[in-house]
Amino acid sequence: MQEAIILVGGKGTRLRPLTNHTPKPLLGVAGSSFIRHQIAKLMDAGVEHVVFATSYLAGLFEDEFKDFSQNLEISYAVEEVPLGTGGAIRNAARLLRGGSADAPVLVLNGDILSGLDLREVLERHRARDADVTLHLTRVADPRAFGLVPTDGSGRVLSFLEKPKTAEECVTDQINAGCYVFRRSVLDAIPADREVSVEQETFPQLVAEGSRVFGHTTDDYWRDLGTPLAFVHGSADLVTGRATSPLVAQPAEALIHPTATVDPTARVTGGSTVGPRAVIGPRVVVDRSIVAADVTVDEGALIHDSVVDHDSAIGSGTVLRETVVGCHAHIGADNELPPQLRLSCGIRIPAQGVRVSGSAVACPSVH
Ligand code: GDD
Ligand code: MG
């Protein structure tokens, strides 16, 4: 029986305020929670049992899957106190059904969208008789990741998590957040304390001479942990640049059947519009996520942004690379500087914030 562990206990701080009430893997991308895309991919690869390593807002995972009736067993390993990535893997391993000490166990970070062929990485792991196989990819700026140089045979030479200096950036090849562990290696991670798989387990295994190999691919790959990556990942799934068994065919936009979009509005670039949302005349929504019950009034422009559920965007307002929390009310003719995060429930009056200056009269007497 092929089994997998998904690490989903992080707080998702870089995606606040969206993650204030929803764990990162349960946020909606391309019409489904992200974790459902991951589950569908695992099932396609023949996985029959998955253990969620949960901590932050753990109960919401069980709510999400309480009616799940497909051919996959789901278990929950809940950490009262977060155990770190290594501790979480070790804790989740208690719930694996078993198999031999050599059984290959898939381990996935809960925020990676990738085109990796999971069967192929399992096959490579077996063929090399590896202790651990790490999926690796190449990125332009590796500083936010784990650096993993390999030799000509693919053997991992070192593992350096989040390098601090330019000298430490010895490669652009990074840990892509998907591993295959030999069961016995996973069971040897300490069980009585917090452990980082990146800072402790991998460097230690390499130093001990364990058989740690990289499987480097140039498939589509994105960590959805930042707002821009999150909206772009969702858009890529909608347009077909990234694939998921849950997205039947590529489209310019994914508009929920209960949403209302004015015929003069343009919803483009892989945007999603959620249930009961109302998009007014001449609105532009490009490469963005508009969640359930949001209203966007006439002429507003929304680019590379997320508007969480039950929020309202006034007419003529411009959002770029903005995260709007739920139940927010952004009045008309605001022009927000890029990369703002607006808290849940916030109220911004008409013309309250403008990059290019406001015509609203000064209320004080001079
Ligand atoms: N259960 C549990 N407990 N899960 C955790 C914990 C914990 O204490 N801490 C983090 N996680 C989960 C997160 O929910 C996420 O799914 C995954 O572990 C990775 O955490 P991130 O916070 O997303 O880490 P990162 O993106 O900075 O770095 C990781 O991913 C990179 C690839 O995107 C590292 O694995 C890097 O080496 C890697 O390059
Ligand atoms: Mg991440």
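Helices (H or I, at least four residues) and strands (E, at least two) are DSSP runs, numbered from the N terminus. This is a predicted model, in which local features need pLDDT of at least 70 and side-chain atom pairs count only at pLDDT 80 or more, while totals for chains, interfaces and linings use all residues. Residues are numbered from 1 along each chain as its sequence is written, chains are lettered from A and ligands numbered from 1 in the order in which they are written, and side-chain values use heavy atoms, with hydrogens and water left out.

Let me turn to the ligand. Which residues come nearest to ligand 1? Of the 27 residues around it, these are Glu79, Glu161, Asn175, Glu198 and Asp223; a residue counts as near if one of its heavy atoms lies within 4 Å of the molecule. Helix α3 (84-93) and strands β11 (173-182) and β13 (221-223) each supply at least two residues of this shell, and the largest share, 3 residues, comes from α3.

Next, the polar contacts, meaning pairs of N or O atoms within 3.5 Å; within protein, one must be able to donate a hydrogen and the other to accept it, and residues adjacent in sequence count only if both atoms are side-chain atoms. An oxygen atom of ligand 1 lies 2.6 Å from a polar backbone atom of Asn175, and an oxygen atom of the ligand is 2.8 Å from a polar backbone atom of Gly84.

I now move to the protein itself. A polar atom of the Ser271 side chain lies 2.9 Å from the backbone nitrogen of Arg287.

In helix α1 (residues 34-44), the buried residues include Phe34, Ile35 and Leu42. After α1 comes Gly46, with a positive phi near 90°.

Key
Buried < 20%, exposed > 50% of the residue type's maximum accessible area, 1.4 Å probe, protein only.
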